[in-house]
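Here is a short walk through one structure. Please keep the sequence and the 3D view open while reading.

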Amino acid sequence: MSRSASKPVVLTGDRPTGPLHLGHYAGSLKARLELQRVTEQYLLIADAQALTDNAGDPAKVTSNVLEVALDYLAIGIDPRMTTIAIQSQIPELAELTAVLMNYVTVARLERNPTIKDEIRLRGFERDIPAGFLAYPVAQAADITAFRATLVPVGEDQLPMIEQTNELVRRFNAAVGEPVLLECIAQLSQVTRLPGIDGKAKMSKSLGNAIALGASSDEIRRAVRAMYTDERHLNVSDPGRVEGNVVFAFLDAFEPDVGRVAELRAHYRRGGLADSVVKAALEERLQSLLAPIRSERHRLQADRAAVLEILKQGTERARERAVSTMDAVKRALGLMYFE
Ligand code: TRP
């Protein structure tokens, strides 16, 4: 075990609403493989948060908890280095959420840009579940309960970190001692991976994703269907690489940057067929995903072992949340029986 008090504590999480895909891999999973070596890393499977916009379909959430865990383990998240925990099984997170809820106004929640975007995206209009509006508070509880100081996030989650730190300052000011810790966001360097259809974001619900557990057939079909340059009709024509999904993927997944630069220049000049660039990408994705897929299958066959990893991780994470919650209650004076 390589846990030590001097390492920064990192928390990230995913909502279990489907298996994870290449967008997650490029945007955050890959970075977590590095982070687990140099930090004390916690990964939260945020099922309670997923329920805030899937309350009518709880099975969609609960049935994907194990899928997300399988994805983590299959890519090489090592439970000896990273603590994987299931959010709903740590009641102290809900308890801390209830406390923090008093340090934010409804007006402030409604101003959160991420929430505003998501409300629009999900078509909630005015019918926003209260839990959804307040999920930034729950996320602040996650971060502060684990005393995480480093939170790797995409740009869209920056307002969450800002709101977390606001809550921390308000709470600490109210109790007159620095009980909760502020955190800093670590922005991922990778720009968001587009969907195979060229839409700005890869997402399972948009049907434009390649799952980490995709079969080799699914990978082949997805690459063939990828949006390139609709005006690149003849091989000899110059082609556009901007907005060309195949090049966005090569940038994200082909480590040989020289080769990508060559392909890019050739494509621009003309004389390079889409099928050739796609073949290069397909080869790369097949070799990236083949070991992940086989490890996923191996783990899938041993469900009990995966559940045991989740159980132990959740217990360890809970101890940390309990000690934070004790300090919070003590600071508020909510201790009557000792
Ligand atoms: N909101 C995050 C997402 O949509 C998931 C998440 C839940 C999270 N709790 C967290 C991320 C705590 C970082 C820290 O992906």
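Where is the place of Asp71? Asp71 sits in helix 3 (residues 58-75); helices here are DSSP runs of H or I with at least four residues, numbered from the N terminus. The model is predicted, so local features need pLDDT of at least 70 and side-chain atom pairs count only at pLDDT 80 or more, while totals for chains, interfaces and linings use all residues. Residues are numbered from 1 along each chain as its sequence is written, and side-chain values use heavy atoms, with hydrogens and water left out.

Asp71 is buried, with a relative accessible area of 1%; buried means under 20% (1.4 Å probe, protein chains only). The side chain of Asp71 reaches the backbone nitrogen of Leu20 at 2.7 Å. Leaving aside residues up to four places away in sequence, Asp71 touches Pro19, Leu20, Leu212 and Arg296, where contact means heavy atoms within 4.5 Å.

Helix 8 (residues 135-145) is mostly covered, as 11 of its 11 residues are buried. Among them are Tyr135, Gln139, Asp142 and Thr144. Just after helix 8, Arg147 takes a positive phi of about 50°.

The last topic is a pair of helices. The axes of helix 4 (residues 91-100) and helix 14 (residues 303-332) come within 9 Å and cross at roughly 30°; axes are lines fitted to C-alpha atoms over the stretch in contact, and angles run from 0 to 180 degrees between N-to-C directions. That makes helix 4 roughly parallel to helix 14, a term for angles under 35 degrees. Residues making the contact include Leu93 and Leu96 of helix 4 and Val322 and Met325 of helix 14.

Notes:
Helices (H or I, at least four residues) and strands (E, at least two) are DSSP runs, numbered from the N terminus. Angles under 35 degrees count as roughly parallel, over 145 as roughly antiparallel, 65 to 115 as roughly perpendicular and the rest as oblique. Buried means under 20% relative accessible area, exposed over 50%, partly exposed in between (1.4 Å probe, protein chains only). A polar contact is a pair of N or O atoms within 3.5 Å; within protein, one must be able to donate a hydrogen and the other to accept it, and residues adjacent in sequence count only if both atoms are side-chain atoms.
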